[in-house]
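Student: I am new to this structure and would like to learn how to read it one feature at a time. Could we begin with the structure itself in view?

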Amino acid sequence: MGRLFGTDGVRGVAGEDLTGRMAMDVATAAAGTLQDMRGAAAGPGGARLVAVVGRDPRASGEFLEAAVVAGLAGAGVDVLRLGVIPTPGVAFLTAELGADIGVMLSASHNPAADNGIKLFARGGFKLPDAVEDEIEARMTSPGAGGLASGVPAGGFGRVRDARGERERYLAHLLSSQPGTGDLGAVHGARAPGAGASGIVHAPRAATPLAGLRVVVDCAHGAASALAPVLLRRAGADVIAIGAEPDGENINADCGSTHLETLSAAVLKHGADAGIAHDGDADRCLAVDAEGEIIDGDQILAVLALELKARGLLARDTVVATVMSNLGFRKAMAQAGITVVETAVGDRYVLEAMRAGDFVLGGEQSGHIIMLDHATTGDGMLTALHLLAAVARRGAALSDLARVMTRYPQVLVNVAGVDKKRAARSPELAAAVAAAEAELGTAGRVLVRPSGTEPTVRIMVEATDHEHARRLADGLAVTVRSL
């Protein structure tokens, strides 16, 4: 059996791979592990541990939330139920409320049938691998499983509805823009004029996005009740789509995995820009006024230049993955910005950022991390800063995105191969070297093994798509011959 925790926590088909029993076991084991780490008193001065729990709107999230809350409270942990909220909102509130652990129930951009459990440590960063391993070991130890038996030393945990704390998250996002610190609602309380969701729907003052018309596609996900409100409070004229979750329609023909829906809406409404989130709103992609896609590399480039111009880009450095487009790298070099390269995955981007004290990093997929304001990728935060750059510059989003030329990128996955043999193959190394020599400085070749499958992934960039395709297909033939 493989490791239970993947790079994004525990994930699988709800009710099959991820059952209520498993969710309860994860919660109970997490509580026990953290209590052991904090000592028998389970907290400073004998106080109980505190957890915050959030979810996206999937139907399965309701029973999984109940199971997680039962496991935590039964083990003596106080629980704050945040309700439906983006993943980065859970990370932020874990830190802001001084919680010992944050739990998010979501399968991100996956279809509605899937769900997952992601854990955050005190401070809002992803739980370290070693702690996840300890939780998994506790789950498989003799006698493990189900609710903790007996009354915990500090008594059973208490459960409180804390949906109002979403206002605190919105206020934080708004305060990340200069001059907007007074636009959020009162922390920890239902704001005046709030609806049943606890969210205020009226902008309060002249704000950084005034004059912009924006379409936001919430993927019928966790941002549905929040993203439109955030952008309206920031002064934008907002058209919300994909903002009517019913538990089954999350990510269905909408959101960041179906940008054609957003493009059509931007053109229909004559908007200046479109923003797309995924199911848990930890990513952001965009389209310009012509309906053309603005990917994560272009967003990262715009934000890097904006921060550098304002003297806020630490060490004039941005962190990106090996999959970032060659055009991004060239644009950054031309602007005097260093690119630190990592393996694919936002966890590796974050590790490099924390190790080097950098403030900006991200992936082509739209996971953008702004470490001055967040501990993880935050799609709503990214959207706010991208649109604010458009408003500040008084330019179209398409003009800002032209800071980089997006090179044609061809991806080929060769399945069913021996990854280790491919890695040490002199024939493959020679083929890669020949392709690189043919491209010179006008292209790039990347051949890497999949981290989870018997697959070798090939990526070729060139100024011409057909050239990139020919080289990628040739390398695929070499890999298959092995």
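Student: How many helices and strands does the protein chain have?

Tutor: Please keep in mind that this is a predicted model. The protein chain has 15 helices and 18 strands, and its C-alpha atoms fill a box of roughly 70 × 60 × 40 Å along the principal axes.

Student: What radius of gyration would a compact globule with 482 residues have, and what does the protein chain have?

Tutor: A compact globule of 482 residues would have a radius of gyration near 23 Å, and because the protein chain has 23 Å, the two agree. Buried residues make up 57% of the 482 residues, and among contacts between residues at least 6 apart in sequence, 69% join residues at least 24 apart.

Student: Where is the pLDDT below 50, and what is the average for the protein chain?

Tutor: The protein chain averages a pLDDT of 91, and 90% of the residues score at least 70. Over residues 40–45, however, pLDDT stays under 50, and the model has nine contacts beyond four places in sequence for them. Residues 182–206 also have a pLDDT below 50, and this stretch has 47 contacts in the model beyond near neighbours in sequence.

Student: Which residues other than glycine have a positive phi, and are they buried or exposed?

Tutor: Most residues other than glycine have a negative phi. Here A219 has a positive phi of about 60 degrees although it is not a glycine, and A219 lies in the loop between β7 (213–217) and α6 (227–233). Another case is D253, with a positive phi near 55 degrees, in the loop between β8 (237–241) and α7 (259–269).

Student: Is T478 buried or exposed, and which residues does T478 touch?

Tutor: T478 lies in helix α15, residues 465–481, and counts as buried because its relative accessibility is 17%, where the cut-off is under 20%. Leaving aside residues up to four places away in sequence, T478 touches E427, L428 and A431.

Student: How much space lies in the largest pocket, and which residues are closest to its centre?

Tutor: Rolling a probe the size of a water molecule over the atoms shows where empty space is left. In this model, about 1,200 Å³ of space lies in the largest pocket. The lining has 40 residues, of which V344, G345, D346, E363 and R448 are the closest to the centre. The elements that give two or more residues to this lining are α10 (346–356), β16 (409–415) and β17 (443–449), and α10 gives the most, with three residues. By class, the lining of the largest pocket has 10 nonpolar, 16 polar and 14 charged residues.

Technical notes:
Residues are numbered from 1 along each chain as its sequence is written. This is a predicted model: local features need pLDDT of at least 70, side-chain atom pairs count only at pLDDT 80 or more; totals for chains, interfaces and linings use all residues. Side-chain values use heavy atoms; hydrogens and water are left out. On a 1 Å grid over the protein atoms alone, a cavity is a set of points where a 1.4 Å probe fits but cannot get out, and a pocket is an open set with protein on both sides within 12 Å along at least five of seven lines; lining residues have an atom within 4 Å of a point. Grid points are joined across faces, edges and corners, and a volume is the space filled by probe spheres set on the points. Helices (H or I, at least four residues) and strands (E, at least two) are DSSP runs, numbered from the N terminus. Ala, Val, Leu, Ile, Met, Phe, Trp, Tyr, Cys and Pro count as nonpolar, Asp, Glu, Lys and Arg as charged, and the others, Gly among them, as polar. pLDDT is the predictor's confidence in each residue, from 0 to 100. Contact means heavy atoms within 4.5 Å. The radius of gyration is taken over C-alpha atoms; the globule rule is 2.2 Å times the number of residues to the power 0.38. Buried means under 20% relative accessible area, exposed over 50%, partly exposed in between (1.4 Å probe, protein chains only).
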